[in-house]
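Subject: Structure for you to look at

Hello,

Here is the structure I promised to pass on. Please open it first, then read my notes beside it.

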Amino acid sequence: MALADFSRGADLLSSHDGGIRIGSGVWRVVSGTMVIARPPAVLSLLSLLVALFLTAPPASATTTARPAAPADVCWSAQLSTARVSSWILLEHGDRTYTKIRTEFRVVVPGDWPLVRDLLLSEESPAYIRAMSCLTRAHPGQYRRWSEWREGPPVITSEKDGGVTVADRTHAWVNTHEGPIDTGVWRVSAGRGEWTIRLLPPPALIGARWDEIKVDPGGPGARTAIPRPGKGEGATALVWHPATPGGEKADESRSGPGQRPSRTHAAGKETSTTASVPAVTVRLQPSWQRSWAAQSNRWTAVLLDRTGSVIAAVLTGSLLLRGVVLYRRRSAPLSVVRDRTLRNLTRWAVVLVLLALLTDGRAVLQRYEETRDLLLWPPELVLRDHGFALAVVAVLFSLGLPPRRFWVLIAALSAPPLLVAAVPDAFDLGHGGLAEASAVALAAETTASASLFALSTLAFTAAAWRLATDGELLPKSRRRPGSDRLLRLRVAGPAVLAWTVLVTAFFALTEERAWQRATWLSDRTVPDYGRDHMNDFVWEAMASVPQAQDVLSWYVWMLTGVAVLAVLRAWRSSTAVSPLEEPADRILFLTFFAAVVPLIGGYVVGNSAATALWILLGMLALYGLVAPFAGRSVLAQPLELSGRPLTSAAAAPGGRTALLEKARFYREIHAELRRLDQGLFGDVPPKRSDLEQRLDDLHDWPAHPPSSGAPDRLPARISVVDAALALGPRDTWWANGSRCARLSLIPALPASVLMVWVWGIRGDGWTSVLSNHFGVPGLVLDFLGWTATWTGAAFVLGALWRLLPGRRGAAKALPVTAAFALPAAADSLVLHFTDESTAGLALAVSAMLLVLTVTGIAVDFDTFRTEQRYWQSRLGLLLSIYQMRYYSLQFAYLIAQIVAMISIWQFLSEPDAAPQPPEPKG
């Protein structure tokens with residue numbers, strides 16, 4: 001299924017502060033996104049264009065130079081009458097990582113020489129210099145990757161010629177390495193203690209600081225230096241440096257969210273100045289937020305990635321166990337059956353190898369970073385390209401694409417191999433990236449994108465091989481009876497189009513991230529352009545391991561395809577459900593656990609317990625279905641022989657007989673209703689005759705036929721109930737396939753809803769825009785959610801004859817409950833760790849609605865042969881359900897929609913936005 005976000009909240013956001021980013025190998029991206037891929041020719045051209053754009057001199061460099069500035073470029077003396085206030089708030093609850101919110105507000109006097117520059121465009125060098133004086137130490141080069149803001153500082157002109165600057169920023173405590181600078185504040189996260197420090201800009205040291213507020217959140221501050229003048233609320237500490245004794249001079253001011261007041265005497269502004277205190281607050285956060293902040297330590301990364309490997313090993317072991325059970329069957333081993341079992345065996349091994357390669361590389365990278373093992377670009381390229389090519393080789397060993405693909409594969413393999421073999425030829429030698437190089441950018445971008453193109457092609461080839469060998473795809477129309485081939489002229493342009501789309505968003509996101517981190521940097525100096533170029537090169541290098549992580553999030557889809565291929569090849573025409581045979585049972589339960597439930601066990605930034613939720617999903621489905629199989633309609637015994645209704649309905653001609661009897665049953669009931677309403681003519685039928693005809697419909701041929709009197713259907717089961725219990729098709733596989741197709745209509749809007757909830761709503765959109773592959777990832781999230789709904793519908797159809805309930809809406813309840821149980825367990829764990837659970841209830845509600853609508857559609861499809869006798873489908877549906885059943889179904893759907901609207905309104909509250917779940921891997 002989708003996602004699983006899936007680190008929650010803001011762990012997408014970079015934790016580097018200052019200097020050039022050296023990649024993002026340890027970041028955990030949560031939106032379920034894909035990585036760039038682009039054929040070499042297109043990549044080279046685009047890379048050169050980007051390089052030319054980055055090295056072009058800024059327009060401001062050619063403007064007329066301003067007069068030489070004095071030694072104090074910020075004119076600090078003229079800021080002595082400025083009024084300043086600032087606050088910082090740490091939000092710990094209902095999230096994985098603590099969120100930092102700050103506000104810095106300064107009333108700049110009109111006589112400050114740079115005050116008019118604040119009214120210019122944010123890209124103006126004069127504006128950047130003036131704003132740097134107010135919010136930084138001095139004009140220069142700044143790289144704040146951890147600082148975020150919803151928009152530029154708000155500038156408000158005052159009547160006296162001055163301006164008010166209000167700058168709001170936010171960040172996340174998602175790293176323990178180095179301080180997190182945001183606004184005029186610095187937060188340092190230690191193992192057991194965090195420190196908050198005020199970093200006043202030097203130009204405003206002599207200004208009037210009216211109010212400083214620090215709210216460390218619960219449980220409050222341990223120490224505060226200097227001693228605060230007062231408290232506010234439960235945990236906030238307040239200082240008033242500008243007021244003697246720390247008392248507030250003007251009680252009309254209500255806090256840092258409002259502009260500081262001014263006092264006028266004889267038409268002139270007066271103020272009481274005092275030096276700004278070196279505010280330092282220490283706090284001991286909850287263990288949940290402290291653990292999350294330490295999630296990028298090597299031991300935490302090792303534990304996290306080990307959990308992913310264990311989940312892959314568990315899934316692979318379940319698949320191999322299924323293969324062993326199938327091999328023990330006495331059924332004849334056809335070519336298709338043998339082929340699907342061999343594919344499933346290979347996929348179980350490939351699944352573990354992929355986990356070892358992707359997660360092992362991440363642990364190795366984090367180990368090198370922790371031990372300060374500095375790797376130059378050649379070593380980084382060799383390591384990351386080597387792991388990526390190994391992943392591609394493993395997937396191609398399963399996919400085995402046609403020969404015509406090998407030319408394309410060789411062409412895409414050439415760039416990464418060349419860059420890794422002779423990095424000095426592409427300015428990627430041991431000298432590092434001291435000088436900007438368009439050649440380095442073009443080479444590394446081409447190599448990285450080619451690697452992802454290979455990964456995408458290998459993933460597609462593996463999925464195609466698993467599907468065609470299991471005959472899940474329609475046969476070829478050009479060659480009747482032959483498998484449909486993966487054609488280069490279709491796959492090639494598709495991969496190219498997807499690559500160009502992702503590449504475009506990658507470049508836009510990287511440029512946006514650079515502008516965000518360097519918005520107060522001097523763009524007229526050569527260092528700015530060189531660092532800009534180098535940042536693109538480093539991110540192109542970092543995209544290689546990110547691609548492998550993204551690939552690992554969607555291997556659950558291949559697991560689902562491999563299992564479906566085996567279930568189809570080994571399906572039994574006499575089995576009531578896939579839970580009868582041990583081999584079918586273990587693979588069917590594995591399919592449900594891998595595809596349908598939300599992945600759980602991702603807590604405080606760690607997925608060590610993910611494997612437990614796989615087992616919980618399997619136990620939930622089996623425990624909620626198998627014990628109640630005896631209450632299903634087809635499990636009821638015939639009145640005379642005591643045989644279950646299943647054996648009678650499954651006999652040759654049994655289904656046709658039931659459908660015919662069900663039609664007569666509805667027609668007789670319609671006559672009875674007309675008789676009760678007096679709608680017949682002069683000679684109405686006798687009620688006793690109609691009732692006798694209804695009673696005769698319960699007769700069933702004896703088994704064996706020579707045994708005498710006919711058998712009878714169970715008294716409490718009508719022929720309509722029995723016909724609906726059979727489902728629209730003759731076998732459990734056919735019923736499951738039909739349910740999956742019918743679920744597509746309600747699944748599409750449900751997928752859009754879940755993408756909005758976990759990818760766009762609240763902080764999700766910020767995470768998407770900050771992630772280099774975020775926007776295309778929304779498309780993949782949509783496809784993943786659609787696969788989740790259709791997978792659940794397949795489970796519903798496959799278990800149709802085994803589920804209790806007489807109508808499709810009732811049969812949807814056990815499957816929904818099996819989906820909800822792991823989500824409920826995850827919710828309890830997240831409640832314990834004080835993380836967001838807002839999206840889980842909506843996901844369960846959406847699943848119930850999708851399966852309910854699908855169940856009603858299945859009931860209608862069961863009598864599809866009668867549709868030509870009715871003017872509309874609604875009329876047939878009313879005839880099938882009868883009016884009282886139809887009213888109940890309609891009211892039930894309305895109640896579900898009302899519940900979803902209520903949850904939607906809850907999610908619409910600004911503070912209730914859920915965090916994205918960890919994607920499934």
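**Helix α7**

Start with a length check on helix α7, residues 405-421. With 17 residues at 1.5 Å a residue, α7 should span 24 Å; its end C-alpha atoms are 24 Å apart, so the two agree. Keep in mind that this is a predicted model.

Now look along the helix. α7 bends by about 30° at Ala-414. A proline, Pro-415, follows within four residues. Pro-415 is also buried, as are Phe-405, Ile-409, Leu-412, Ser-413, Pro-416 and Val-419 in α7.

**The whole chain**

Next, step back. The protein chain holds 24 helices and 16 strands. It has 921 residues, and 56% of them count as buried. Its accessible surface comes to about 37,100 Å². Carbon and sulfur atoms account for 62% of that surface.

Is strand β4 enclosed or open to the outside? Of its 11 residues (163-173), 10 are buried, so β4 is largely enclosed by the rest of the structure.

Two strands to check here are β2 and β3. Strand β2 (residues 98-108) runs antiparallel to β4, and 11 bridges join them. Find Ile-100 to see one of the contacts: its bridge partner in β4 is Ala-171.

Strand β3 (residues 154-157) is also antiparallel to β4, with 4 bridges between them. Here Val-154 has Ala-166 in β4 as its bridge partner. β3 and β4 form a hairpin, with 5 residues between the two strands. Look at Gly-161 in that turn: it has a positive phi of about 95°.

**An open sheet**

Which strands make up the open sheet? There are 5 of them, in the order β5-β6-β7-β14-β9, and the pairing is antiparallel. β5 (180-182) and β9 (221-225) stand at the edges. Each has a single partner strand, so one side of each is left without a neighbour in the sheet. On average, neighbouring strands of this sheet are turned by 15° against each other, direction ignored.

Zoom in on one pair. Strand β7 (residues 194-198) and strand β14 (residues 280-283) pair in the antiparallel sense over 4 bridges. In this pair, Thr-195 stands opposite Arg-282 in β14.

**Aromatic pairs**

Last, the rings. A search of the whole structure finds 15 aromatic pairs. One of them joins Trp-733 and Phe-794, and it is edge-to-face. The ring centres are 5.3 Å apart, with 70° between the planes. Why does this pair tie together separate parts of the chain? Trp-733 lies in helix α18 (residues 732-742) and Phe-794 in helix α21 (residues 774-798), so the pair links parts that are 61 residues apart in sequence.

Are these two residues buried or exposed? Trp-733 has a relative accessible area of 10%, so it counts as buried. Phe-794 is buried too, with a relative accessible area of 5%.

Trp-785 and Trp-789 form a stacked pair, 5.4 Å centre to centre with 25° between the planes. They are 4 residues apart in helix α21, so about one helical turn separates them. Both Trp-785 and Trp-789 are buried.

Finish with a group. Phe-588, Phe-591, Trp-732, Trp-733 and Phe-794 form one aromatic cluster.

Best wishes

Terms used: Residues are numbered from 1 along each chain as its sequence is written. This is a predicted model: local features need pLDDT of at least 70, side-chain atom pairs count only at pLDDT 80 or more; totals for chains, interfaces and linings use all residues. Side-chain values use heavy atoms; hydrogens and water are left out. The expected span of a helix is 1.5 Å times one less than its number of residues. The bend at a residue is the angle between axes fitted to the seven residues ending there and the seven starting there. Buried means under 20% relative accessible area, exposed over 50%, partly exposed in between (1.4 Å probe, protein chains only). Two strands pair if DSSP finds at least two bridges between them. Axes are lines fitted to C-alpha atoms, for helices over the stretch in contact, and angles run from 0 to 180 degrees between N-to-C directions. Accessible areas come from the Shrake-Rupley method with a 1.4 Å probe; for residues, only the protein chains shown count as cover. Rings of Phe, Tyr and Trp (its six-membered ring) pair if their centres lie within 6.5 Å; planes under 30 degrees apart count as stacked, over 60 as edge-to-face and the rest as tilted.
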